[in-house]
Each structure stands twice: as C-alpha cells, then as structure tokens.
Amino acid sequence: MATLRTTNGAGRAAIAARTLRTDRWWIPPLATAVGLLAWIAYATVRVFMQKDYFVGDYHYLTPFYSPCISNGCVPEAAHFGTFLPDVWFLPYAALTLPFLLLFRFTCYYYRKAYYRAFWFSPPACAVAEPHSTYSGETRFPLIGQNLHRYFFYAAVLISLINTYDAVVAFETGTGEFGLGLGNLVLLANVIALWAYTASCHSCRSIIGGRLNNFSEHPVRYKLWGWVSRLNGSHMQLAWLTLGTLALTDFYIMAVSAGWFSDPRFIN
C-alpha cells in the first residue's frame, strides 16, 4: 500500500509513491493545457494580424483590438485617439492587453489550472510532483500573484471600454439605430466578461471584506451575496469568457473579411 513521507523541507506533504490515484487523473490537466495553448495560439495570431478587426458599417470592433490606439487603426475604430506607432510587433491594443493578461494570469482559478497543467505543482491531488522544494507564492516571480487585486481594477476599466464598444455598435454607419447578429454576439461577450470579473475573489473581498457586522451594511451584504454566488461559478465563467472572446473576435474577423454578411434584424 502506498504511503506518504512526512513533509519536504518547505512543509508540503511528499508522496512516496508516484501516485495514490487509480483513475485517469491526468485527463483534466491535459485538457486544460490543450485548451489554454489553443486559445493562446489563436489570440497571439489575431492580435498581430492587424487587419479584419473592424466592421465600419456597423461599428463592430473586436475586443482583441479595443481600445484601438495605434496610428494604424481605422479612424472610426479609434474612439480614444491614437498615439502608438504602427509597427508589426506592437498590437493595436497594446495599452490594455498586458493588464488583461496579468488579470487572468494571476486569477485564482487560472493559477490552479496552469500550476497543474504546465508546472505540475502538483499535477493532481495525491500525485507526486517533480519539484524537490516548494516556496508557494512567497518568492519571485510568483510573489507577483499578490498584485491580482490591482489588475482587477484595470479589468473593470477595460470591461467598461468593451461595454462602450457594444453600445456604440448599435449605431450604424449612417447614424441610425441598428441591430444585427453581431450586436448580440458583442452583447453576450460583454455580459460574460462582467460576470467573470464580478465573480473574481478580489471583487468579493473588496465588497464584503473588512466588515465586522454585515447588519450595519445591508447594501454591501446584498452585493456580497450576489458576488459570492457568482464566485461559485468562477471556473466556468473563466472558460466561458475565453470562448466568448474568441467567438466574438472570429465573428467580427469573418464579417470584416467578407466571408459572410452580418444578418440584420433592424437596419
């Protein structure tokens, strides 16, 4: 029968056997690695394509290029001005993309996901890891995970920008109100992004933390309850938003490239 060694030098339980598991424990980390790598590959290609990101007739702007602040941006897509040089190695939304990536990278769920899928620390419960020491998130570079709360504030600001893009898209190029399938895609993406952002552990702490008595703060308590329910689905929302971001970008790219026309319901 497999036994446990006491602990290693850093205090983490060390497993003498290769694993105590009898199931296919390697499937979840493998699926996570494949899913994240596929999304990263798609997103990397798209942000450096620097084309097919905007549909002028309906003001559709992909979130991968929002806000579009490069001198190479189509003027109608540059709602907040342009000041970045137009060079191939600089994404059109280079100002905000790093903050979005850092918000996701330091997310509590994503930490678990890539620690297991890429770092093997540990690859699964009751499975030995290849590392001889463990310092947790107390040393560089993982100590930077503690900045997650500050990246949350940046994510809120960027979500507001994405919301603005979705609202602006209801106006056609002729100045009239319009509604098409692309509007619904943008709107669904924004709702999913807000749900994921609001379900963040930092958001829950900001709203309900440092309170000694909830009865004296009924509004914050109510908000804390809503966020806590969302927080229970944080993992699902994390994956959902990766899907809606890629789907929204792909749809706008396809319409912009002329692969098909945007189905219109109004104007």
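Predicted model: local features only at pLDDT ≥ 70, side-chain atom pairs only at ≥ 80, totals over all residues.

Reader: How many residues does α1 have, and what span does it reach?

Author: Helix α1 covers residues 27-49, which is 23 residues. From first C-alpha to last it reaches 33 Å, close to the 33 Å expected at 1.5 Å a residue. Just after α1, Q50 has a positive phi of about 55°.

Reader: What describes two packed helices?

Author: The angle between their axes and the distance between the axes. Take α2 (residues 97-105) and α4 (residues 148-168): they pack at an angle of about 130°, and their axes are 9 Å apart. That angle makes α2 oblique to α4. The crossing of α2 past α4 is left-handed.

Reader: Which residues make that contact?

Author: From α2 come F99, L100, L102 and F103. From α4 come H148, F151, F152, A154, A155 and I158. By type, the residues of this contact are nine nonpolar, one polar and no charged.

Reader: Now α5 and α8: at what angle do they cross?

Author: Helix α5 (residues 181-198) and α8 cross at roughly 155°, and their axes come within 9 Å. Over 145 degrees counts as roughly antiparallel, and α5 and α8 are therefore roughly antiparallel to each other. Their crossing is left-handed.

Reader: Which residues meet there?

Author: On the α5 side they are L181, G182, V185, L186, N189, A192, L193, A195 and Y196. On the α8 side they are H234, L237, A238, L240, T241, T244, L245, T248, Y251 and I252. The residues of the contact divide into 13 nonpolar, six polar and no charged.

Reader: Take T244 from that list. Is T244 buried or exposed?

Author: T244, which is found in helix α8, has a relative accessible area of 13% and is buried, because buried means under 20%. Apart from neighbours within four places in sequence, T244 is in contact with N189 and A192.

Reader: How far is T244 from A33 in sequence and in space?

Author: The two are 211 residues apart in sequence and 19 Å apart in space, C-alpha to C-alpha. For another pair, D23 and C73 are 50 residues apart along the chain, and their C-alpha atoms are separated by 51 Å.

Reader: Where is D23 placed, and how is its accessibility classed?

Author: D23 lies in the loop between β2 (14-15) and α1. Its relative accessibility is 41%, and it counts as partly exposed.

Reader: And Q145: is it buried or exposed?

Author: Q145 is found in the loop between α3 and α4. With a relative accessible area of 3%, Q145 is buried.

Reader: What is Q145 in contact with?

Author: Leaving aside neighbours within four places in sequence, Q145 is in contact with F105, T106, R111, Y114, Y115 and E137.

Note on methods
Residues numbered from 1 in each chain as written. Heavy atoms only, no water. Axes fitted to C-alpha atoms, helices over the stretch in contact; angles between N-to-C directions. Helix = DSSP H or I, 4+ residues; strand = E, 2+ residues; numbered from the N terminus. Parallel < 35°, antiparallel > 145°, perpendicular 65-115°, else oblique. Left-handed = near helix turned anticlockwise from the far one by under 90°. Contact = heavy atoms within 4.5 Å. Nonpolar A, V, L, I, M, F, W, Y, C, P; charged D, E, K, R; others polar. Expected span 1.5 Å × (residues − 1). Buried < 20%, exposed > 50% of the residue type's maximum accessible area, 1.4 Å probe, protein only.
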